[in-house]
Amino acid sequence: MSIQESTHSPAVAGDSGPVRRPGLILAFLCLAGFMTFLDVSIVNVALPTIENELNISTTALQYVVTTYGMLLGGFLLLTGRLADTLGRRRMLQTGLLLFAGASLLAGVAQNAAMLIGARGAQGLGAAFIATAALSLLTNNFEEGPARNKALGAWGALSGLAAVAGVTLGGLLTDGPGWRWIFFINVPIGIIGALVAPMVVGESRSAERSRSFDVAGAVTLTGGLVALIYTLGQTVSDSDVPTGRVIGGFVLSALLLVSFVLIERRAKEPLMPLGVFRRPSLRAANVIAVLLLGTCVTLFFFASLFMQQVLDYSAVKTGFAYVPLAVLTAVGAGIASQVVTKVAAKPVLLVGLALAATGMMLLWRTPSDASYLTDVLPAFVLMGLGLGMSFVPLQVSAFAGIEERESGLAAGLINTAQEVGGALGLAVAATYAFRRVDELTAKAHGVPALVQDARTTVFHDAFLVGACFAAAAFLVTLVLLPLTKSSEQSSAVPAHA
């Protein structure tokens with residue numbers, strides 16, 4: 001069954017008519033999603049250049065990455081609900097315009113505060129884009145083989161974007177400059193917002209009220225931001241008072257517990273807790289947190305490792321990722337075909353096993369590593385592993401989801417991915433940077449010893465990434481149901 005043969009017109013308020021150009025719709029929505037995923041990783045290669053030009057401290061540098069992920073992750077559930085209620089295409093256009101404006105602000109940033117603030121605004125715009133685009137995709141393709149193929153394309157591009165980001169980031173940084181990493185988004189966002197009505201019809205849920213759970217959104221976002229900020233503070237434990245760290249964790253816990261209590265009592269909760277009765281959705285979101293923790297840890301620390309230890313230029317670092325990008329696409333293509341014939345679970349297990357093995361190879365990479373014999377084999381396994389993981393993960397997350405909950409489901413899986421990436425990086429950075437002062441003192445300024453000290457820091461980060469992938473493998477093995485593609489279309493969803 002082809003995608004073209006399986007499109008349908010959702011019976012929802014505001015629907016603009018039957019879908020007639022499914023291929024164009026799929027390409028447009030995937031491009032919109034690609035742009036948001038790209039910006040998770042595109043800044044990684046440029047980080048050393050940005051650090052020098054804007055005088056950003058090493059410990060604050062991670063916030064250029066995590067602020068984007070935190071605002072994106074914190075608001076995904078609310079934007080998913082807004083898309084269901086106010087119109088998915090309208091929210092997609094809103095996100096594209098906000099993303100374009102924030103990208104322009106980031107491109108002209110003159111200091112760390114301005115850049116990090118703009119990255120937060122980008123994250124908010126991306127939250128609108130990601131949930132609206134993904135829910136539009138699931139509503140335009142019927143559950144079963146057609147949706148699996150569409151989700152396969154989405155999953156492939158989301159994984160490929162993370163890899164393409166570091167390659168493109170290297171080319172732009174060594175070419176016109178790091179600011180063009182952000183400028184390139186401006187025309188794409190504006191053009192996308194203008195052509196959206198010509199490509200995809202409007203749709204919204206007929207069952208949603210206009211009541212929004214603002215309190216839930218505020219407490220969830222505040223709790224997550226407090227958690228990430230506190231984890232970042234522990235990177236430099238000699239300078240940060242212990243009381244501030246403990247207070248940060250306590251504040252985060254209180255906000256997140258408050259969020260759960262609010263959701264239990266709200267008439268229109270941001271996240272109906274009953275949705276987690278679906279074993280496939282529950283497991284998929286946990287796996288997404290761990291998988292993106294692996295992914296973002298890889299790109300952040302591998303980019304720094306190649307430039308600060310192996311002495312690669314930004315453009316050479318970007319090209320070093322090309323095989324990883326190609327093999328991510330290959331792995332996703334394989335998974336897209338296989339997942340329509342067999343269960344998603346075994347495909348995901350293979351992908352996670354390959355990813356964990358690739359991270360373990362990076363953990364053993366020496367300070368004088370050869371690209372061909374040390375770095376490339378790890379990238380080959382990581383590329384295939386990521387590609388074969390993203391596709392079945394998306395399929396599992398949407399198994400049995402009803403149209404009226406598509407925005408919520410899209411918000412959940414995207415939240416899990418973005419928060420997982422931000423949390424994963426914070427945890428990896430906290431663990432890896434814990435001994436920087438000690439190792440630097442032991443090196444006594446000797447170049448060879450300084451190089452070994454840096455390598456040890458990066459090895460610790462890669463080990464954390466491998467642990468994330470291994471944990472995702474175990475969660476998949478134990479918690480993810482063994483549901484075949486042919487059975488997913490007939491699955492009866494549990495109501496919240």
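Visitor: Where is the place of Asn55?

Guide: Asn55 sits in the loop between α2 and α3 (58-61), where helices (H or I, at least four residues) and strands (E, at least two) are DSSP runs, numbered from the N terminus. This is a predicted model, in which local features need pLDDT of at least 70 and side-chain atom pairs count only at pLDDT 80 or more, while totals for chains, interfaces and linings use all residues. Residues are numbered from 1 along each chain as its sequence is written, and side-chain values use heavy atoms, with hydrogens and water left out.

Visitor: Is Asn55 buried or exposed?

Guide: Asn55 counts as exposed because its relative accessibility is 68%; buried means under 20% relative accessible area, exposed over 50%, and partly exposed in between, with a 1.4 Å probe and protein chains only.

Visitor: And what is its phi, roughly?

Guide: Asn55 has a positive phi of about 55°, although it is not a glycine. Most residues other than glycine have a negative phi.

Visitor: Which loop holds Asp311, and what is the phi there?

Guide: Asp311 belongs to the loop between α12 and α13 (314-320), and this residue, which is not a glycine, has a positive phi of about 65°. With a relative accessibility of 66%, Asp311 counts as exposed.

Visitor: New topic: how many salt bridges does a search of the whole structure find?

Guide: The search finds one salt bridge, a term that stands for a side-chain nitrogen of Lys or Arg within 4 Å of a carboxyl oxygen of Asp or Glu. The side chains that meet in this salt bridge are those of Glu53 and Arg179, at 3.3 Å from N to O.

Visitor: Which parts does the pair tie together?

Guide: Glu53 lies in helix α2 (residues 47-54) and Arg179 in the loop between α7 (145-174) and α8 (180-183), so the pair ties together parts that are 126 residues apart in sequence. Side chains of opposite charge can pair when their charged atoms come close.

Visitor: Is Arg179 buried or exposed?

Guide: Arg179 counts as buried, at 18% relative accessibility, whereas Glu53 counts as partly exposed, at 43%.

Visitor: What about pockets, say the volume of the second largest pocket?

Guide: That pocket has a volume of about 350 Å³. On a 1 Å grid over the protein atoms alone, a pocket is an open set of points where a 1.4 Å probe fits, with protein on both sides within 12 Å along at least five of seven lines, and lining residues have an atom within 4 Å of a point. Grid points are joined across faces, edges and corners, and the volume is the space filled by probe spheres set on the points.

Visitor: Which residues lie nearest its centre?

Guide: Of the 17 residues that line the second largest pocket, Leu220, Met271, Phe276, Leu412 and Thr415 lie nearest its centre. The lining divides into 14 nonpolar, two polar and one charged, where Ala, Val, Leu, Ile, Met, Phe, Trp, Tyr, Cys and Pro count as nonpolar, Asp, Glu, Lys and Arg as charged, and the others, Gly among them, as polar.

Visitor: Which helix gives the most to that lining?

Guide: Helix α17 gives the most, with five residues. At least two residues each come from α10 (214-233), α11 (242-265), α12 (279-308) and α17 (406-432).

Visitor: Which residues form the nonpolar patch on the surface?

Guide: The patch is formed by Leu171, Phe319, Val322, Val326, Val330, Ile334, Val338 and Val342, which together have about 580 Å² of accessible area. Helix α14 (residues 322-338) gives the most to this patch, with five residues. Patches are made of residues with over 30% relative accessible area and no salt bridge, with like charges joined within 9 Å and nonpolar side chains (Val, Leu, Ile, Met, Phe, Trp, Tyr) within 5 Å; accessible areas come from the Shrake-Rupley method with a 1.4 Å probe, and for residues only the protein chains shown count as cover.

Visitor: Which helix does Ala332 lie in?

Guide: Ala332 lies in helix α14, and Ala332 is buried, with a relative accessible area of 0%.
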